[in-house]
Amino acid sequence: MIAAIASGKGGTGKTTVAASLAAVWQGPLTVADLDVEAPNLHLFLKAEIAGRREISMMIPKVDESRCNYCGACSDICQFKAISVLGQVMLTLPEMCHGCGACMAVCPEEAISEDSRPLGEIIWGRRGDIDCFSGRLRVGEAMSPPLIGHVKDAAEKTASERSADLIYDAPPGVSCPAMKAVTGADIIVLVTEPTPFGLYDLKLAVNSFSAFKRPMGVVVNRAGIGNDEVYDYCRQKGLPLLAEIPFTRSAAEAYSKGLILAEAFEEHRERFAVLAEEIRRRCVCAGEVTA
Amino acid sequence: MKEIVCISGKGGTGKTSLTAAFSHLAENKMICDLDVDAPDLHLILKPRIEATEEFYSGNEAIIDPDRCEGCGQCAELCRFGAISQSGEVYEIDPLRCEGCKLCVVMCPEEAIDFPPRHCGQWFRSESRFGSVFHAQLFPGEENSGRLVALLRQEARQAAEKKRYSLVLADGAPGIGCPVIASLSGADLAVIISEPTVSGRHDLERVADLCAYFGMPATVVINKADLNEDACLDIESFCRKRGLDLLGRVPHDQLFVEAMIQEKAVTELEDAALSDRIREIWSAIEIRAGLNEQKTQETITLKEE
């Protein structure tokens with residue numbers, strides 16, 4: 001089972017929920033922090049690091065001794081990453097999407113593969129839990145390919161150990177978030193009961209509906225703001241999976257890197273119920289599909 | 001003209017609430033919401049849309065099933081895993097297609113169309129705080145960086161036309177594509193941080209990003225009373241990195257209250273909090289060189 005913890009708005013508590021679920025999960029578990037731009041889950045899980053691997057993507061390298069400056073590569077490149085300036089080839093590696101089109105169309109076979117570092121994958125263990133996270137290289141614009149690599153690594157380990165998998169997704173609803181949520185069996189949307197939280201929850205529901213997977217909502221910081229987020233969930237038939245009340249002590253515990261489910265007994269119970277609820281909804285959805 | 005961008009690395013530190021307050025306090029400026037993916041500034045500014053423009057960027061490959069012979073060459077070539085078999089023919093998952101055109105030119109049957117991709121909309125609006133440029137990327141769309149660049153260009157042009165001295169922008173969370181697009185060539189980054197382990201960690205990432213692009217950066221600690229030790233740690237980090245620390249803003253229920261009332265927090269009757277934010281805004285103006293400019297403008301006006 002794969003559960004993606006996502007949200008439209010940033011800072012609603014995805015990582016809080018993911019870390020607490022990990023702390024109470026029954027049975028084998030793998031967790032992956034897919035917010036590669038601002039990865040924070042490791043600050044809470046504090047896994048013992050077992051290894052790291054640099055991830056790069058293919059970019060073109062032009063052998064100018066073979067190049068006849070025909071311009072086929074720059075004609076096909078949709079990302080303005082390669083161009084011919086008279087008798088000089090100019091490549092802009094940071095614009096390249098690694099599609100390989102320039103290489104495929106070059107009649108002189110003058111283009112070979114070079115690489116550009118995207119960032120790294122770090123893995124380790126916290127007790128019995130396998131933990132993965134990705135860290136985008138500072139200055140790198142493209143996070144989805146790295147997210148894909150982290151998912152592949154985490155899914156491989158999870159399937160080897162028949163473990164459930166929890167994704168801590170990046171905020172937003174554009175390509176990084178979509179990449180992260182793809183393939184999840186259930187999407188848990190964390191929001192807060194404020195106008196910003198509600199607006200971005202609507203964006204998330206609209207975007208993630210495309211995956212046709214069960215979705216549920218966790219309202220974090222319950223008690224601040226207003227009731228509109230609950231009205232919206234009722235209208236849309238979105239199940240409210242859990243409410244985490246706002247307390248000053250919870251906010252302070254979070255600020256220190258504590259996991260709510262470990263720091264407070266009442267939260268432990270709350271997240272244990274949420275974990276069961278997530279599992280139950282996945283099983284139900286699975287039975288319906290079967 | 002100066003361009004100031006509020007960023008944070010970590011989401012939810014209060015970028016938009018503070019940008020709304022700065023929009024209230026700043027004079028002669030264009031306001032820009034560069035979080036085109038999950039924009040929220042309009043929920044406070046309640047702008048009246050004056051013009052809506054469609055945003056097309058890149059193209060999307062679509063296989064015509066009537067022309068497809070099912071050879072599968074496209075699926076082999078695609079590096080994004082976007083093409084899969086569907087019965088006798090192949091089809092492209094629009095969520096995975098990056099629009100590279102490789103399949104289009106290699107298809108022996110010329111069965112793949114390549115129409116422009118309609119990625120979102122952008123708006124030129126008026127609000128009680130002045131003109132606003134904002135946008136909405138369609139769900140799951142790409143090219144947020146290009147939309148950010150476009151919005152910035154439009155806002156700058158409009159500011160120049162009106163002889164405004166400032167473009168004030170609310171950025172996206174993270175350090176990737178849209179954030180990079182909002183920083184390049186801007187004058188000052190205002191990093192909104194918070195005294196939590198995550199806030200501290202992501203402050204360092206976003207400060208590294210500013211350094212990478214040679215962008216002057218300043219820091220505001222929001223929700224400052226949550227954790228004094230973490231505040232001190234952030235302050236020492238800022239000193240070490242030569243980042244200007246502009247001040248602390250308390251964790252205050254008034255921010256949520258203001259949001260519900262669709263107001264900037266400085267529009268509420270709370271002198272202490274408003275004064276604090278006003279001081280920070282003045283410090284930002286000085287760091288961005290807006291005061292000198294203002295003095296200059298006054299002189300020019302007098303001369304005229």
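**Stop one: between the chains**

Start by selecting A:Arg248 and B:Asp225, whose side chains form a salt bridge at 3.4 Å, N to O (a side-chain nitrogen of Lys or Arg within 4 Å of a carboxyl oxygen of Asp or Glu). Two salt bridges are counted between chain A and chain B.

Before moving on: this is a predicted model, where local features need pLDDT of at least 70 and side-chain atom pairs count only at pLDDT 80 or more, while totals for chains, interfaces and linings use all residues. Residues are numbered from 1 along each chain as its sequence is written, chains are lettered from A and ligands numbered from 1 in the order written, and side-chain values use heavy atoms, without hydrogens and water.

Now show the whole contact: 59 residues from chain A and 59 residues from chain B, with contact meaning heavy atoms within 4.5 Å. About 4800 Å² is buried between the two chains, 60% of it from carbon and sulfur atoms (buried area is the accessible area, 1.4 Å probe, that two parts lose on being put together, summed over both). On the chain A side, pick A:Glu37, A:Val138 and A:Phe196: they lose the most area to chain B, together 15% of what that side buries.

**Stop two: inside chain B**

Colour domain 1 (2-56 + 120-303) and domain 2 (61-114) of chain B, with bounds from an automatic or database domain assignment. Their C-alpha centres lie 42 Å apart.
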